[in-house]
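Please keep the sequence and the model in view while reading.

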Amino acid sequence: MNTTIPPSPTTLDPADETAVNSKEAIKQAFLRNLLYVQGKFPALATMHDYYMALAHTVRDRMLEHWISTAESYTRLGSRTVAYFSAEFLLGPHLGNNLVNLSIYDEVREAMADLELSFEELLGQEAEPGLGNGGLGRLAACFLDSMATQEIPSIGYGIRYEFGIFAQDIVDGQQVELTDKWLSSGNPWELARPEWQVEVKLGGHTYSYNDERGRSRIEWEPSLTIVGTPYDTPILGYRNNTANTLRLWQAEAPESFDLSTFNRGDYWGAVHKKMVSENITKVLYPNDEQIQGKELRLQQQYFFISCSLQDMLRIMSIQNIPLHRFHEKFAVQLNDTHPAVAIAELMRLLVDENTMAWDVAWDVTRNTFAYTNHTLLPEALEQWPVELFARILPRHMEIIYEINARFLDEVRIRFLGDQVRLARMSLISEDGERCVRMANLACAGSHTINGVAALHTELLKADVLGDFHALWPEKFTNKTNGVTPRRWIAVSNPRLAGLLDKSIGTQWITDLDQLKRLEPLVEDAAFCSEWRYIKRSVKEDFSGYLRRRTGISVDPQSLFDVQVKRIHEYKRQHLNVLHIIALYHRLKNEPGLDLVPRTFLFGGKAAPGYHMAKLMIRLITAVGDVINNDPSVRDRLKVVFIPNFNVSNAQHIYPAADLSEQISTAGKEASGTGNMKFMMNGALTIGTLDGANVEIREEVGEENFFLFGLTSEEVQGIHAEGYLPSDWYQHNAELRAVLNLIRDGYFSRGDREIFRPLLDNLLYHDPYLLLADFQSYVDCQTRVGETWRDNEHWTRMSILNVARSGKFSSDRTIREYCNEVWKVDPVPISLLDSRDFQLP
């Protein structure tokens with residue numbers, strides 16, 4: 001590295017953004033941060049030191065936006081969205097922040113001048129693994145869109161010390177490794193210990209009369225922990241807004257008990273610290289054991305209690321009375337994980353601030369809105385009453401009171417309907433008594449939304465049908481979306497450059513502008529450039545894949561991609577059955593004219609979900625056989641990409657030709673991977689499930705590969721009594737495929753490894769793989785035929801991008817703001833530090 005470190009800070013005018021963000025200014029700031037923040041000079045600096053210096057250089061430029069935003073919201077008392085989510089799967093910060101600050105090219109050039117690899121610096125960032133999949137990534141997209149649209153907002157969640165596990169594949173099986181994302185520090189956050197709050201757990205309650213003779217409840221906990229906030233700025237795109245993501249870390253009130261230590265009890269001296277810190281130690285502990293269930297409930301309550309107390313602090317600073325809480329804040333519950341916030345806000349208002357119950361309930365119900373993310377009844381969160389009461393005794397009492405009043409309302413509306421009353425109760429009495437968190441969320445929220453049109457209709461008709469019958473006005477649809485900043489501008493700069501050149505730059509904040517691409521499908525030069533960009537991206541990805549997995553693939557082959565959480569209803573194993581069918585055909589007819597395909601999989605299985613882990617093992621086993629069979633390996637390849645996350649997703653989505661969205665109809669709430677593929681020009685093969693329905697409506701049925709049963713047909717088959725073995729007996733190719741697995745062809749002769757999976761398919765098959773197999777295989781044949789017509793495929797690819805505007809998260813956020821939150825944009829003017837006046 002050939003340079004000289006500036007001896008003192010620059011005298012650039014901080015109000016002159018052009019000067020501050022010039023290449024020379026960035027180089028100077030980078031070198032100062034290397035010296036003064038990292039404490040290194042070039043001869044001793046590692047690539048990680050350089051990354052940290054660059055990150056601090058970028059963060060310094062963000063802070064002006066962040067402070068100006070906070071000052072404006074405080075001064076104006078702006079109505080604010082509080083987005084409560086147990087997950088925020090942000091992805092790497094550096095590239096995204098460079099795009100939003102509009103200094104990507106300047107930084108790249110500055111690093112080139114310093115003889116540093118910009119790509120290698122980007123690769124140094126440890127991805128915050130603070131989410132499991134779509135739920136957390138959706139939350140991240142929403143934060144981006146709220147900042148870009150200048151919506152006052154704050155994201156509240158948990159600062160997990162260890163995020164979702166890092167996945168490795170060893171002997172074909174998933175192995176979970178600790179995700180140590182904080183081990184080298186996080187330059188993007190600021191600790192705020194001055195805003196710590198205390199959170200109670202366990203213990204008991206007792207009644208007493210206060211000095212005015214009022215009956216009161218006191219909660220005496222068995223454990224008190226401290227929540228410390230860590231703030232991360234979330235930039236809007238090319239504006240002055242920088243909202244806040246506030247994540248809470250659990251700590252002990254006293255980290256070290258000196259008196260206990262001096263008595264020789266060295267373990268006891270740090271015991272409370274360890275117990276407290278466990279609460280935010282890891283994302284989603286395995287809840288197969290009771291200890292795991294306890295920890296998950298503690299996590300959920302911890303972060304919502306910290307957040308609500310923080311919101312009360314903000315109201316106090318802004319001199320807003322408590323009875324206007326719902327006027328100051330619009331709280332969105334991202335699924336049921338934060339639903340205990342309804343009981344906690346009641347406790348804070350009634351117990352801590354002596355508000356009358358009816359007034360507090362009115363405030364609470366006008367504060368919260370609830371997003372449902374699942375159609376699977378088993379995924380609707382429930383907590384055993386015994387566990388809930390032991391950890392949150394006061395909240396159990398509050399929920400009983402909410403339930404009693406709520407059921408009175410139900411009795412009046414549905415006179416004599418005891419069965420409905422039992423279904424709607426916040427307490428399940430079927431077997432073990434449980435608290436139904438989805439029912440609590442419905443009762444305590446003013447709005448309930450699904451995340452795709454079909455999903456919302458199924459909620460109203462089935463999963464939450466009783467609540468829709470009681471309160472139809474509460475229900476609305478808000479189809480999910482994804483941010484084009486992350487998923488086109490950052491992930492696919494070649495495509496972004498072509499869009500800029502062809503239709504201008506406004507598309508990045510107004511994705512409907514992509515419709516202007518439609519006439520260009522008739523432009524031969526444009527189509528040729530489109531194909532060139534896709535081929536270049538695939539060539540780069542092939543090199544990336546070889547470095548990651550050691551497997552070489554042909555970039556000229558059709559890249560057929562399924563990357564998402566591994567789950568039976570997402571049906572990765574249906575994809576595998578098709579691969580085996582192709583392999584079987586090639587073995588029986590070596591001269592078969594088959595389109596060369598590379599099948600790419602990625603995704604994590606929950607540690608305790610044994611069937612999903614067996615599905616991964618099947619994918620890798622089939623890949624091992626096919627990739628090492630010289631008779632087919634030039635025509636078929638199967639690759640499982642380990643540790644699917646945002647970082648490698650940014651490589652995968654732009655390279656895909658075909659997007660596999662093949663869940664059983666009526667099971668997927670929305671999906672957002674389907675939207676990311678679409679925006680990058682992949683065509684979709686899918687069922688009429690989740691947002692696939694709307695994608696097909698937007699792109700046109702002729703540009704979508706549809707197969708499979710509809711949700712109504714799925715329900716009908718189950719009602720008639722589905723016998724998967726009949727489908728096995730009557731379909732020769734399906735029978736041959738399953739027999740290959742049964743006979744140990746992909747498991748070195750071991751007939752037992754995949755027996756649980758096969759038995760499940762042949763005797764249960766709850767997600768109807770066998771019923772949809774032939775339709776899927778036939779549809780895949782149409783895919784192959786279409787791929788042969790290069791120009792036609794290009795046309796379909798362009799139209800998929802051109803018609804993806806609806807699926808921007810900017811559109812989703814506008815709908816939330818206008819119809820649910822009633823929040824208006826607040827434009828931000830940048831402050832100059834010279835304007836600050838000390839109190």
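The lining of the largest cavity divides into 7 nonpolar, 6 polar and 3 charged residues (Ala, Val, Leu, Ile, Met, Phe, Trp, Tyr, Cys and Pro count as nonpolar, Asp, Glu, Lys and Arg as charged, and the others, Gly among them, as polar). The model is predicted: local features need pLDDT of at least 70 and side-chain atom pairs count only at pLDDT 80 or more, whereas totals for chains, interfaces and linings use all residues. Residues are numbered from 1 along each chain as its sequence is written, and side-chain values use heavy atoms, with hydrogens and water left out.

**Largest cavity**

- The whole structure holds 5 cavities of 30 Å³ or more, a cavity being a set of points on a 1 Å grid over the protein atoms alone where a 1.4 Å probe fits but cannot get out.
- The largest cavity contains about 170 Å³ of space, a volume being the space filled by probe spheres set on the points, which are joined across faces, edges and corners.
- Its lining comprises 16 residues, of which L90, N96, D144, I234 and R486 are the closest to its centre; lining residues have an atom within 4 Å of a point.
- Two or more lining residues come from each of helix 4, helix 7 (134-148) and strand 9 (223-235); helices (H or I, at least four residues) and strands (E, at least two) are DSSP runs, numbered from the N terminus.
- Helix 7 gives the largest share of this lining, 4 residues.

**Second largest pocket**

- By class, the pocket lining has 12 nonpolar, 11 polar and 9 charged residues.

**Contacts of helix 30**

- Helix 30 (residues 732-742) and helix 31 (residues 755-763) have axes that come within 10 Å and cross at roughly 150 degrees; axes are lines fitted to C-alpha atoms, for helices over the stretch in contact, and angles run from 0 to 180 degrees between N-to-C directions.
- Helix 30 is therefore roughly antiparallel to helix 31 (angles under 35 degrees count as roughly parallel, over 145 as roughly antiparallel, 65 to 115 as roughly perpendicular and the rest as oblique).
- L738, I741 and R742 of helix 30 make the contact with L758, L761 and L762 of helix 31, contact meaning heavy atoms within 4.5 Å.
- This contact has 5 nonpolar residues, no polar residues and 1 charged residue.
- Helix 23 (residues 572-588) and helix 30 have axes that come within 9 Å and cross at roughly 100 degrees, and the two helices are therefore roughly perpendicular to each other.
- The contact of helix 23 with helix 30 includes L577, I580 and A581 of helix 23 and L734, V737 and L738 of helix 30; by class it has 9 nonpolar, 1 polar and 2 charged residues.

**Helix 2 and helix 3**

- The axes of helix 2 (residues 23-36) and helix 3 (residues 47-76) come within 8 Å and cross at roughly 120 degrees, which makes helix 2 oblique to helix 3.
- A25, I26, A29, F30, N33 and L34 of helix 2 meet residues of helix 3 including Y50, A53, L54 and R61.
- The contact of helix 2 with helix 3 comprises 8 nonpolar, 3 polar and 3 charged residues.

Definitions and conventions
1 Å grid on protein atoms, 1.4 Å probe; cavity = no way out; pocket = protein on both sides within 12 Å on 5 of 7 lines; lining within 4 Å.
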